[in-house]
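Here is a friendly briefing for anyone meeting this structure for the first time. Take a look at the sequence and the model, then read on.

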Amino acid sequence: LKEEFGVLNFEAETDRGPREFSVRNPQENVREIAEDRLLVIDIDGCRYEIPDIKKLDKKSANILRDYVDY
C-alpha cells in the first residue's frame, strides 16, 4: 500500500488473483465493517474486503488506520 497525493494505491492478492487498484477519498471509501475488518471501494466502484487488518504489513496497516476510527 502506498499513499500519494491523498490517493491510496494497493497491490493486493485477492481470491481472484493479484490486483492493483486505487482509492480516492479514503475517508469515505475505507470503512470498518467489523473489528479489524475493512471494506475498501476503489475508483471503479469495485469492493475489496480486508478480513483482518492485523495481518497486513505494519506500514500498510498504519496508513489504513489513519482513515478508520479505532
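The buried residues of α2 (58-65) are covered by, among others, β1 (2-4), β2, β4 (30-34), β5 and β6. Contact here means heavy atoms within 4.5 Å, and buried means under 20% relative accessible area, exposed over 50% (1.4 Å probe, protein chains only). Helices (H or I, at least four residues) and strands (E, at least two) are DSSP runs, numbered from the N terminus.

This is a predicted model, where local features need pLDDT of at least 70, side-chain atom pairs count only at pLDDT 80 or more, and totals for chains, interfaces and linings use all residues. Residues are numbered from 1 along each chain as its sequence is written, and side-chain values use heavy atoms, with hydrogens and water left out.

**The helix α2**
- S60, A61, I63 and L64 are the buried residues in α2.
- Viewed down the axis of α2, these buried residues fall within an arc of 160° (taken from the directions from the helix axis to the C-beta atoms), so they line one face of the helix.
- Exposed K58 and K59 sit on the face of α2 turned away from its buried side.

**The contacts of L64**
- Beyond its neighbours within four places in sequence, L64 is in contact with L1, L8, F10, V30, L38, I50, I53 and L56.

**The lining of the largest pocket**
- β2 supplies the largest share of this lining, five residues.
- The lining residues, which have an atom within 4 Å of a pocket point, divide into 10 nonpolar, two polar and six charged.

Methods. Nonpolar A, V, L, I, M, F, W, Y, C, P; charged D, E, K, R; others polar.
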